[in-house]
Amino acid sequence: MTFHERLQAWRYNLVPDHIIGEILTKRWTDNAIPFLALLVTIGVFGTAIPGFFEPFSLLESTRQLGEFLIVVIGLTVVMLAGGIDLAVGSIFALAAFAAVAVFFIFELPTGVALLASIATGAVFGAINGYLIGYLRLRAFLTTLVTLVIGRAIYDILIVNYGSLIQMSSASSDVWDFIGDGAFSGFSVPVISALVLAVVAHVALTRSRPGWHILAVGGSRRSAHNSGIKVRQTVFMSYVISGLCAGFAGFLIACRLSGAGPGTGLNMEILAITAAVVGGNSLGGGRGSVAKSIMGAIIVLVMNNGLIRLGYGTGTNQMVLGIMLAAAVILDIRWLKNRHKVLNELYVAPIYHRMGETQSAVPDSGTPYALNNRIAHTEYIGLGELEGPEDVVLDKDDHLYCGTRHGEIVRFFAPDYKRSEIFAHTGGFPLGLAIDKDSNILSCVGAMGLYRISQKGEVKQLSAETNRSYTSIVDDARLRDPNDLDIAPDGKIYFTDSTTRYDAHDWAIDSIEGRPTGRLLVFDPATGETRTLLDNYRYANGVCMAHDGKSLFFAESWACRVHRYWLEGPKAGTAECVIKDMPGYPDNINRASDGNYWMAWLGMRTPSFDLALRHPGFRKRMSRRLPQDEWLFPNINTGGVVKFAGDGRIVETMGDLTGNSHPMVTSMREHKGYLYVGGILNNRIGRYKLENADPAWTGPRSYWGART
Amino acid sequence: MAGLQAAGIFRQGFWSQERIVLGLSALLFLVSAIALPGFAEPANLISIVRSVSVLGLLAVGMAIVIIGRGIDLAAVAIMAMSAAWYLQMLNDGWSEAAAFAIALAAVLAIGLVNGFLIAYADVPAIFATLASGSFVFGFVRSQLITQDAIPVPAGHWLEQLGGVRILDIPAEVFIFGGACFVAYLFLRFTKWGRYVYFMGDNLMAARNIGIPVRPMNMLRYVLSAVIALAAGLLTASSLHSMNTRIVNSTLLYDIILVVVIGGIGLSGGKGGMRNVIGGAILIGIMLNAMTIIDIPNIYQNLIKSTVLLIAIIVDSLLNPRDEQTAQQGDI
């Protein structure tokens, strides 16, 4: 190894580049920019304004923040549902007037004033909701007009009744406490806002109505098609916003003990700026209460800070305009380009040096030497199938295979001309196995481990395993469950090939070469899944040894086969039995003569082996070229290899023409025939084996004569 | 049957919004003429048209934007602040040419920025113009001018323009009429004018047939901004000053009211200058009648905004939103 190569190995294997991409997949990264803005805002104004952090100053400024936050949370609900509510400013003012009128003019208790405020908000919100939800008016313009109407009504009320309010002498301790008091430094508005924030957060993220709101905002048409009452949901979002603004209006009424011409003026533009600056998307579906809290603090601190620092008329509007424009542009550009950034950064190749291998060239004399034996097979389902990754035969000789359409197809014995869709699982059924009750078990790509009964009923057995403490992407979820086999005690051993990529991106995992494949076990007795082994380069085929005391599993991108011991002195450990093969191994299955069949999905090439030693090259390739032009492992030639339990290679078969079975991902021996499948093939091949036991079947080998 | 066919006004589809507005205007005119003393006098009629000429001029710009499926909420801010800054520069002793050139350049720039945000940064028009309107007001008020109202310098041509009469009709009326005529020629007989309709009808289809939709989008906001400057100068000429507090008034909603009530659908692609004139006349009669009856300003606001709400509801019933061409986030 040259020094340069060693440097590369250190650089790419020790520096965890992949973490950046994984962090970017997290939705909370959307909050990073608003959070930074929050820190900067507080930092700048906190230092510029003397006494900003003094308890009394904080108490007074947070009082206003509480009211404002309540309004913003209501607006957030509307925005998440895909609308906008400009009328909050008027609702806020009218609700404040309602409270003040009830308290000072009619001299009723504070509770009634609260009810009056909330009722005002609810009625106003319901009007907006009816117009926009049921009459399907444009949200922005409609609430703009109701804002003006509300403001006109408020102005009329203030002109006519303002003096009555000022002359009143009504007072109440409760009213004063809400306006002035505090529980150990927390004023009533702040406590209310925090409670509302928690309730709203839980409701939006954990409740059915909350999900409906997000669904309607995310895609109105899809929400309608999936049975959500879109109009009612939109209506309710405006009612909620009205309620929030109404309650906030009550709070300011208590604080100011009155209502003046300026109450709630321009609140709508402040609130919208807050919601958008926090990172809530216009158009709905993306956003959170946490974002709104950040946005509200930023906007209010900036707004009040500019006033306290003595900047003249107009400065606030100028800054608000800039903030609103910048936040909207950032939001829209980020939403549009996020996946591009992610695509650029996510692939983080590492250095890997493949071992020297024996030749697979025909007639080279090595055990791996390819021949043309499976070029001429009898085709089953030619043209009807797309992507039979694995094939399996039951005790009645029927043949099952998965397809990329998420179906399991059954071909009927004896001639396999007729077929039916046995079950629909969704996803992409990959590895198959038959248990002792003749159920079909399948690793469904991108979904998990599934059991299909003889009647075709699909049941999910496992979709997650234990999560490791250091993972950033959710490695509890099964992203690429690939192959499985069943131990004599009924436990199901299966592989999850990678935690970095979804099932359909398996080829990109080969570019990266990061060892994240796992061997897992599902225990039907407890229903739990555990991770047994980790850090393999694309863990693939699994096969129980003939004696049931160990299992073999393939590590595709490392071209190795490992043996994991279930019993005996080495129980719980794995050892490598075959290394440095010339092909990439896929599924492994039992052979009738006590050996094992292994599929090669493709052959190593010197060029790709070289590329694996140059992670920088692969990184540049993944950033600068379209995926069609990347250098991938060769999958144009595959093969079938028979090996003994000790790792000795018995024989190798191939299709040098590439016409019948270029990429082989599985093969299954049954009554003297070998059935060959390929994930990118459109057929299953049936090959007559010489010297094979014509009575041997898989189910009998696993479960004995009784099945 | 022949009798029914002849009675065309009962035919379905006859009552388009435009005809309803004309009918309403006529009705309102008749009722006002009979009920209100002094309403039908020529002087009052002239003052009606004169009172809506600034509003109508702004509505011409807004109509061009809305027909292309957009909206310009910055129009009033641009109008008031560009004119105020222009007057401020004159008062500060700048030469006429320099002050005008700078004001015009600023207005073009803000129109370009609006258009850029909407066409290239994909910001919804309402937000882009809401933000830019807030910025324009804030920036000019805090940085460029010294007080809320800026007077027209004595002897300036704007002062004289306010007094010009042709055949006893104030010059504003001709300016409004001329703007309508030019905009009519632009929309009907120029390629770029036709593009406005195509883009308002279906932006993606317009893009697919090769219309340069992004530059054309910018053009509309630039036109709207330039018209706003003209409206600002006109206001200054008739009031002899520019009061920037007008930005906080309901003028913006009055403009939208004129356009929508005239029958230009907010979903774009429909309407023309006839609708602007119709809407402006109806609103002019309404405002004039309310003033003669002596309804206080705050009640007038309530009535106008309620009428606008009704107009929007009727608009949404007559021109229902097309869910197929409406875009996600098109609020």
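Let me begin with one pair of strands: in chain A, strand 20 and strand 21, the latter covering residues 596–603, are paired in the antiparallel sense over six bridges. Please bear in mind that this is a predicted model. Within that pair, Ile588(A) has Met598(A), in strand 21 of chain A, as its bridge partner. In general, the strands of a sheet are joined through backbone hydrogen bonds, in either a parallel or an antiparallel manner.

Where does this pair sit in the sheet as a whole? The pair belongs to an open sheet of four strands in chain A, with the order 20-21-22-23 and antiparallel pairing. Strand 20 (583–590) and strand 23 (649–654) of chain A are at the edges; each has a single partner strand, and therefore one side of each has no neighbour in the sheet. From one strand to the next, the twist averages 25°.

I now turn to chain B. Its secondary structure comprises 14 helices and four strands. Along the principal axes, the C-alpha atoms of chain B fill a box of roughly 75 × 55 × 35 Å. How does the radius of gyration of chain B compare with that of a compact globule? For 331 residues, such a globule would have a value near 20 Å, and chain B, at 20 Å, agrees with this.

Two further values concern the interior and the contacts. Of the 331 residues in chain B, 48% are buried. Among contacts in chain B with a separation of 6 or more, 81% are between residues 24 or more positions apart.

Thank you for your attention.

Technical notes
Residues numbered from 1 in each chain as written. Chains lettered and ligands numbered in written order. Predicted model: local features only at pLDDT ≥ 70, side-chain atom pairs only at ≥ 80, totals over all residues. Helix = DSSP H or I, 4+ residues; strand = E, 2+ residues; numbered from the N terminus. Rg over C-alpha atoms; globule rule 2.2 N^0.38 Å. Buried ≥ 20, exposed ≤ 12 C-beta atoms within 10 Å, placed from the backbone. Contact = placed C-beta atoms within 7 Å. Pairing = 2+ DSSP bridges. Axes fitted to C-alpha atoms, helices over the stretch in contact; angles between N-to-C directions.
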